[in-house]
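Here is a short tour for anyone setting up calculations on this protein and its ligand.

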Amino acid sequence: MRYHNITKDDMLNGDGLRVVLWVSGCSHCCKGCHNPITWDPNGGLAFDGEAKEEIFAELAKDYISGITLSGGDPLYFGNRSDVLRFVRELKGKFPEKTVWLYTGFVWETISGLEIMDYIDVLVDGEFQEGQKNTQLYWRGSANQRVINVPASRAEGKLVLHCR
Ligand code: SF4
């Protein structure tokens with residue numbers, strides 16, 4: 001997997017203060033995408049041990065609530081196995097920190113992925129320019145949903161994350 005950036009003390013992509021990993025690779029091609037530079041899976045930098053340690057150092061800080069995986073799409077097919085390995089290791093080291101994941105795929109098609117065992121909140125769906133709304137928390141268009149993953153899996157129906 002490759003990535004474009006690791007941003008710190010982010011307040012816009014999930015609850016609290018977060019570290020955000022912006023991965024490379026996305027096949028959704030949403031019209032009006034804010035980050036088309038991340039579509040190329042070969043763009044950016046290799047997600048190596050150094051990048052991982054940079055993230056773990058952030059998560060070790062008490063005031064950091066967790067990590068958000070964005071991009072690009074962390075669930076781009078070429079990213080899935082690396083993302084699974086990464087979130088598994090991360091949750092092993094920092095079980096108290098939350099993991100948010102943004103994807104262009106919808107919940108109904110990805111809810112069974114093993115990756116979801118390690119995700120607390122999923123923001124799903126492609127960005128749809130016609131439904132763009134800048135007043136929404138954590139999402140760009142009204143079709144996207146902010147999903148409480150553990151509750152949705154436990155109850156067998158969609159449970160939204162409340163602010
Ligand atoms: S899923 Fe996200 S990164 Fe991918 S094209 Fe759509 S808005 Fe852009």
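## A glycine in a loop

A residue is called buried when its relative accessible area is under 20%, and exposed when that value is over 50%. Keep in mind that this is a predicted model.

With that cut-off in hand, take Gly43: its relative accessible area is 13%, so Gly43 is buried. Gly43 belongs to the loop that runs between strand E2 (18-23) and strand E3 (45-46).

## The largest pocket

The volume of the largest pocket is about 810 Å³. Its lining is made up of 38 residues, and those nearest the centre are His34, Tyr102, Trp138, Arg139 and Gly140. Sorted by class, the lining of the largest pocket has 18 polar, 13 nonpolar and seven charged residues.

## The ligand and its shell

Where does the ligand sit? You will find the ligand in the largest pocket. Around the ligand are Cys26, His28, Cys29, Cys30, Cys33, Trp39, Gly72, Gly104 and Phe127. This shell counts six nonpolar and three polar residues, with no charged ones.

## Cysteines

Cys26 has a relative accessibility of 13%, so Cys26 is buried. Cys30, at 14% relative accessible area, is buried too. How many disulfides does a search of the whole structure find? The search finds zero.

Methods
Residues numbered from 1 in each chain as written. Predicted model: local features only at pLDDT ≥ 70, side-chain atom pairs only at ≥ 80, totals over all residues. Heavy atoms only, no water. Disulfide = S-S within 2.5 Å. Buried < 20%, exposed > 50% of the residue type's maximum accessible area, 1.4 Å probe, protein only. Near = heavy atom within 4 Å. 1 Å grid on protein atoms, 1.4 Å probe; cavity = no way out; pocket = protein on both sides within 12 Å on 5 of 7 lines; lining within 4 Å. Sits in = over half its atoms within 2 Å of the grid points. Nonpolar A, V, L, I, M, F, W, Y, C, P; charged D, E, K, R; others polar. Points joined across faces, edges and corners; volume = space filled by probe spheres on them. Helix = DSSP H or I, 4+ residues; strand = E, 2+ residues; numbered from the N terminus.
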